[in-house]
Amino acid sequence: MDIDTLRQKDSRTLWHPYSSTINAPPVFPVESANGVYIKLADGRELIDGMASWWCAIHGYNHPALNAAIESQLSRMAHVMFGGLTHAPAIRLAEQLVDVTPAPLQKVFFSDSGSVAVEVALKMAIQYWAARGRPDKQKMLSLRQAYHGDTLGAMAVCDPLTGMHTLFRQVLTSHYFADAPRTRFKGEWQDDDIRSLQILLEQHHAEIAALILEPIVQGAGGMWFYSAEYLRAARALCDKYEVLLIADEIATGFGRSGKLFACEHADISPDIMCVGKALTGGYLTLAATLTSNEVSDSIADEGRGVFMHGPTFMANPLACSVALASMDLLLAYDWQQKVEFIEAELLRGLDACRGMSKVVDVRVLGAIAVVELDKPVDMYSMPAEFVSRGVWLRPFGKLVYVMPPFIIKADELKKLCDAICSVVEETV
Ligand SMILES: *Cc1c(COP(=O)(O)O)cnc(C)c1O
């Protein structure tokens with residue numbers, strides 16, 4: 001099928017993420033993907049700057065990841081997790097407990113990041129109910145937060161970008177503190193935590209948990225904030241008896257320069273969500289981890305069961321490829337690789353800094369953001385990037401990069417050059 005036919009058929013029947021079915025910007029049919037390259041149906045090869053939304057940390061079509069799936073496939077693709085268990089789930093849970101902060105000892109698998117967030121919110125509520133505090137049912141979140149697209153997760157996303165007005169009858173209203181303003185490694189201002197502190201002071205009796213994305217606010221603004229903020233938030237949660245949920249779905253597995261972004265502040269959450277890069281971008285899988293204190297408290301109360309159980313919980317194919325992905329990651333000096341990417345991105349995007357339409361350029365680990373003074377044109381800009389041989393998908397005023405960790409210096413340069421020239425010439 002030629003590209004125009006694929007596009008026509010696509011637009012006749014498909015919805016894409018956050019898209020309209022009428023006059024949508026063109027989509028690019030993909031034929032295959034290998035390493036850091038995405039091959040389009042017309043034969044063009046693009047350097048992938050998105051890692052398929054934080055996921056494909058080892059690149060595409062990786063022999064070790066392929067082999068893990070193939071070998072598991074010959075045993076079983078799936079069995080229910082109610083009443084049954086299997087080695088891939090057990091080994092992956094042990095591995096996750098090993099690499100995450102020490103207090104996190106129990107693992108609940110689910111099928112996507114949004115569901116992992118729903119699970120975390122329910123855990124927090126059940127924990128306080130079990131501790132005789134059934135009134136603690138509200139959440140505290142941050143402006144500019146993004147935690148997923150299901151209704152429970154949307155309710156803790158930024159009220160504006162989370163479209164709380166449109167869905168007001170079905171979204172629970174929670175508390176929102178101002179977004180952290182102090183930059184990562186910026187000079188800490190005590191009043192940055194005031195808004196959070198005031199909300200906790202006034203409403204802690206009804207708040208079950210503070211949920212936040214540690215250090216990197218992702219889809220809600222791509223903002224990197226001070227580790228001091230995270231430390232102060234942890235201390236306030238302890239003081240006011242509120243659980244801390246760290247949503248590491250975007251940041252987990254090295255992206256920010258630490259294996260988990262919480263490590264920048266040297267804190268442990270009470271509940272942690274991981275997803276995205278967990279399977280190296282191969283299959284959909286997420287996990288919610290918590291402490292024995294939380295899990296055992298829930299178990300002590302009444303019927304003592306945690307009220308969640310997805311059909312595809314702990315899918316063996318997904319668990320196997322996640323294990324293989326973690327093995328790959330831990331087997332090489334990923335931290336040095338991420339530092340190298342950070343340095344190359346800083347250098348490569350420096351040319352953007354002086355441009356009149358560029359408001360800010362920020363880089364942390366293997367993430368770089370060029371913030372513009374107005375929203376980009378989603379009809380023309382992705383096509384401009386494609387014509388320069390790179391794959392980038394900006395949103396709003398943000399052109400951002402988070403490449404697979406295997407990317408090389410010349411490929412990073414090509415990505416950065418494309419950004420600088422597209423921003424200069426076409427915005
Ligand atoms: C992507 C993301 C989610 C939602 O994950 P899905 O797999 O898309 O449901 C939640 N939180 C953060 C921080 C994310 O980046």
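Is cysteine 420 buried or exposed, and what is its relative accessible area? Select cysteine 420 to begin: this residue is buried, at a relative accessible area of 9%, where buried means under 20%, exposed over 50% and partly exposed in between, computed with a 1.4 Å probe on protein chains only.

Before moving on, note that this is a predicted model, in which local features need pLDDT of at least 70, side-chain atom pairs count only at pLDDT 80 or more, and totals for chains, interfaces and linings use all residues. Residues are numbered from 1 along each chain as its sequence is written, and side-chain values use heavy atoms, with hydrogens and water left out.

With a disulfide taken as a pair of cysteine sulfur atoms within 2.5 Å, the count is zero. Cysteine 352 is in no disulfide, and the nearest cysteine sulfur, that of cysteine 420, is 3.2 Å away.

Now turn to the open sheet of four strands, ordered 1-2-3-15 with mixed pairing; strands are DSSP runs of E of at least two residues, helices runs of H or I of at least four, both numbered from the N terminus, and two strands pair if DSSP finds at least two bridges between them. Strand 1 (30–34) and strand 15 (390–391) are at the edges, each with a single partner strand, so one side of each has no neighbour in the sheet. Strand 3 (residues 45–48) runs parallel to strand 15 and is joined to it by two bridges, and isoleucine 47 stands opposite valine 390 of strand 15.

Finally, select leucine 166, in the loop between helix 6 (151–154) and strand 6 (175–177), which is exposed at a relative accessible area of 63%.
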